[in-house]
There are 2 protein chains.
Amino acid sequence: MAAFTETLPGVAAEAPAQTRGFRLNHSMLRVKDPAVSLDFYTRVFGMRVLRKLDFPEMKFSLYFLARLEGDEAVPQDAGERLVWTFSQQGILELTHNWGTEDQPEFRYHDGNAQPQGFGHICFAVPDLAAAIRWLDDNQVPYVKRPEQGKMKDIAFVKDPDGYWIEILQPELVADLGR
Amino acid sequence: MAAFTETLPGVAAEAPAQTRGFRLNHSMLRVKDPAVSLDFYTRVFGMRVLRKLDFPEMKFSLYFLARLEGDEAVPQDAGERLVWTFSQQGILELTHNWGTEDQPEFRYHDGNAQPQGFGHICFAVPDLAAAIRWLDDNQVPYVKRPEQGKMKDIAFVKDPDGYWIEILQPELVADLGR
């Protein structure tokens, strides 16, 4: 076993050959109103919408978003672009079940209230202070500001559906849990 | 706007400069029994545990897992390794609230039963048929096998807590939603 992996109950000694090439591609969240969520994720977090897929028969649409560094060779052809999208890591899939945006009382469940399950997604940022100013400029609601609570230098904000988004600068949290 | 992004209501014309360097680092799921979940994710999906963090005061532990391709320069030092982990994409964070593994009736909520919210994570695989054989060899329970339902060549399996995991081979789904 590589020395950088942790030896713990349950952990396989090595990655089986049958898993070669497996990639954790995306996480999917349902959203009430895609116009609101797309504004949030493309403007506040700078994600790009690589592909929208419509399924009229089942009355839903899927949106695949990525944070592009700027030098990726993203294919122009829609089919090739979808294949490219599914070959990446760090993709966010938003599912819109048609009509929820017109129901004032409609809410999705964030996973942190009961019943619990899913917790959050996390964006790493190059400069936490600058990112916090940017989030403040955009009136993003906080669960926890970086100076609050036991975990300093880690913030949690909410997306338009109430899903939690962790914000951290990797270099600042090297001693977390020590 | 780059031609490969979709023009849709809400979508920002370009990624703001203030978001430069933001990366979608991880998704967090709560798990009942880490020994069971670590076996599942390290053996069946070949992930590696890059860091375990314990918070005795709050009675929980965090496990950060990655699918390594094999050529990454993962630091040996635990702090540097955590910084490296937070600088990647495609990390899975598992949260264990101590003691849940000893409660026979304890279950987390998968987000697909009511109340809905989070949907699934997805692994892209290089060979769908081989991956399905591997999942079958490991008795992984299915939500949907690739030949079932409207979306051919896409499978959904369940992890030990019941969270859904999508399985797809990118090249096979180029025409999805067309």
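This is a predicted model: local features need pLDDT of at least 70, side-chain atom pairs count only at pLDDT 80 or more; totals for chains, interfaces and linings use all residues.
The stacked label needs planes under 30 degrees apart. Colour by chain and the contact shows as a crossing: A:Phe118 belongs to strand 5 (residues 118-124) of chain A, and B:Phe118 to strand 5 (residues 118-124) of chain B.

**Next stop: a tilted pair**

Select A:Phe22 and B:Phe45. These two rings make a tilted aromatic pair, 6.0 Å centre to centre, with 55° between the planes.

Now show the secondary structure. A:Phe22 lies in the segment before strand 1 (23-30) of chain A. B:Phe45 lies in the loop between helix 1 (34-44) and strand 2 (48-55) of chain B. This pair, too, crosses between chains.

Are the two partners buried or exposed? A:Phe22 has a relative accessible area of 3% and is buried. B:Phe45 is buried as well, at 0%. The cut-off behind both calls is under 20%.

**Widen the selection**

How many aromatic pairs does the structure hold over all chains? The count is 21.

**Arginine over tyrosine**

Switch to chain B. There B:Arg145 lies over the face of B:Tyr142, also at 4.4 Å from the ring centre.

**Last stop: the cysteines**

Select A:Cys122 and B:Cys122. How many disulfides does the structure hold over all chains? The answer is zero.

Start from A:Cys122. The closest cysteine sulfur is in B:Cys122, 20 Å away, so the gap is too far for a bond. Run the search from B:Cys122 and the closest cysteine sulfur is that of A:Cys122, at 20 Å, again too far for a bond. A disulfide would need the two sulfur atoms within 2.5 Å.

Finish with a surface view. A:Cys122 counts as buried, at 0% relative accessibility. B:Cys122 is buried too, with a relative accessible area of 0%.

Notes
Residues are numbered from 1 along each chain as its sequence is written. Chains are lettered from A and ligands numbered from 1 in the order in which they are written. Side-chain values use heavy atoms; hydrogens and water are left out. Rings of Phe, Tyr and Trp (its six-membered ring) pair if their centres lie within 6.5 Å; planes under 30 degrees apart count as stacked, over 60 as edge-to-face and the rest as tilted. Helices (H or I, at least four residues) and strands (E, at least two) are DSSP runs, numbered from the N terminus. Buried means under 20% relative accessible area, exposed over 50%, partly exposed in between (1.4 Å probe, protein chains only). A charge sits over a ring if NZ of Lys or CZ of Arg is within 6 Å of the ring centre and within 35 degrees of the ring normal.
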